[in-house]
Amino acid sequence: MLLALAEALQSRDAYSGAHSLRVAALAGTVGERLGWDEARLTRLRVGALLHDIGKLAIPKRILRKPGPLTAQELERIHFHPVAGARLVKALAPAHATLACALYHHERWDGGGYPLGRSGSRIPAEARLLAVVDAFDAMTYGRPFRRPLTIDAALAELDRCAGTQFEPAVVRAFLEACDAGDVDLRRLAS
C-alpha cells in the first residue's frame with residue numbers, strides 16, 4: 001500500500017517520483033556508512049520513498065510553477081510534511097516512515113518546518129534524509145531554478161553542516177562520495 005502511494009506521487013509529478021527513488025538510494029548508502037542495521041535501513045528506504053508523499057495534497061499548478069512562489073503558495077508547500085505524515089500514519093505503524101514524512105524539512109538549528117525541531121529532537125532518519133534530500137534537490141533542475149554542479153552542492157552541504165544539517169550525517173555523506181559509494185558521474189548526467 002505504501003509503495004502504491006509512492007507510485008501515485010510519481011504519476012502525478014514525475015520529478016517528485018524520480019527524486020524519491022534517488023533519495024532512497026542515497027539514504028541507504030549513508031545509512032550503511034553510519035552502520036545502521038538492515039531493518040533500520042529498510043525503514044529508512046521506505047521512509048525516503050514516501051518523504052514527499054504529502055505533495056499529493058499540493059495543487060499541480062504550485063508544484064510545477066516555473067517562477068517564484070507567492071507567500072500563500074509557499075505556505076501550501078510547507079504543509080506537505082504534515083499532509084504526508086497524516087497519510088503515512090493512516091497506513092503504517094512504522095515510526096521511521098512517519099518521521100521521514102513529517103520531519104525531513106526540520107533543521108539542525110531549529111529553523112526548519114513544520115515544527116521547528118532542532119538537534120536530536122529530530123529523529124535520526126529525518127536528519128539523514130534532510131541531507132540527501134537537499135543534495136538531490138540541489139543537483140537536479142526544477143522549473144524555477146537551474147541545478148547546482150555536484151561540487152557546488154557538496155560545498156553547500158559542508159557549509160551548512162551544524163546549521164541546517166547534522167554535522168555527522170554530512171560527514172558520512174561526504175565520506176561516501178569520496179569513497180566512491182555514491183556514483184557522482186551518474187548524478188551528473
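Biologist: Let's begin inside. How does the lining of the largest cavity divide by class?
Modeller: That lining has four nonpolar, one polar and four charged residues. Ala, Val, Leu, Ile, Met, Phe, Trp, Tyr, Cys and Pro count as nonpolar, Asp, Glu, Lys and Arg as charged, and the others, Gly among them, as polar.
Biologist: Before we go on, what sort of model is this?
Modeller: It is a predicted model, in which local features need pLDDT of at least 70 and side-chain atom pairs pLDDT 80 or more, while totals for chains, interfaces and linings use all residues. Residues are numbered from 1 along each chain as its sequence is written, and side-chain values use heavy atoms, without hydrogens and water.
Biologist: Thanks. Which residues line the largest cavity?
Modeller: The lining is made by Glu106, Arg107, Trp108, Ile122, Arg127, Ala130, Gln164, Phe165 and Glu166.
Biologist: And what volume does that cavity have?
Modeller: The largest cavity has about 40 Å³, and the count of cavities of 30 Å³ or more comes to one. On a 1 Å grid over the protein atoms alone, a cavity is a set of points where a 1.4 Å probe fits but cannot get out, a pocket is an open set with protein on both sides within 12 Å along at least five of seven lines, and lining residues have an atom within 4 Å of a point. Points join across faces, edges and corners, and volume is the space filled by probe spheres set on them.
Biologist: How much space lies in the largest pocket, then?
Modeller: The largest pocket holds about 880 Å³. It is lined by 34 residues, and His105, Tyr113, Ala137, Phe144 and Arg145 are the closest to its centre.
Biologist: Which elements give two or more residues to that lining?
Modeller: Those are α2 (14-33), α4 (60-63), α5 (71-78), α8 (124-139) and α9 (150-160). The largest share, five residues, comes from α8. By class, the pocket lining has 16 nonpolar, nine polar and nine charged residues.
Biologist: Stepping back, what's the overall secondary structure of the chain?
Modeller: Eleven helices and zero strands; helices (H or I, at least four residues) and strands (E, at least two) are DSSP runs, numbered from the N terminus.
Biologist: And how much of the chain is buried?
Modeller: Of its 189 residues, 48% count as buried. Buried is under 20% relative accessible area, exposed is over 50%, and partly exposed is in between (1.4 Å probe, protein chains only).
Biologist: What share of the contacts links residues 24 or more positions apart?
Modeller: That share is 61% of the contacts with a separation of 6 or more, where contact means heavy atoms within 4.5 Å.
Biologist: Let's switch to α9. Which of its residues are buried?
Modeller: In α9, the buried ones are Ile150, Ala153, Leu154, Leu157 and Cys160. They span an arc of only 135° around the axis, so they sit on the same side of α9. The arc is that of the directions from the helix axis to the C-beta atoms.
Biologist: What does the face turned away from that buried side carry?
Modeller: The exposed residues Asp151 and Arg159 are on that face of α9. After α9 comes Gly162, which has a positive phi, near 100°.
Biologist: Now Ala48. Where is it found?
Modeller: Ala48 sits in helix α3 (residues 38-50), and at 0% relative accessibility it is buried.
Biologist: What is Ala48 in contact with, leaving aside its neighbours within four places in sequence?
Modeller: Ala48 then touches Ser20, Val23, Ala24, Ala27, Cys100 and Leu129. From Ala48 to Arg22, 26 residues apart in sequence, the C-alpha to C-alpha distance is 9.0 Å.
Biologist: One more: is Leu63 buried or exposed?
Modeller: Leu63, in helix α4, is buried, with a relative accessible area of 6%. The C-alpha atoms of Leu63 and Pro143 are separated by 9.2 Å, although 80 residues apart along the chain.
Biologist: And Gly67?
Modeller: Gly67 is in the loop between α4 and α5 and is partly exposed at 21% relative accessibility. Its C-alpha lies 10.0 Å from that of Arg142, and Gly67 and Arg142 are 75 residues apart in sequence.
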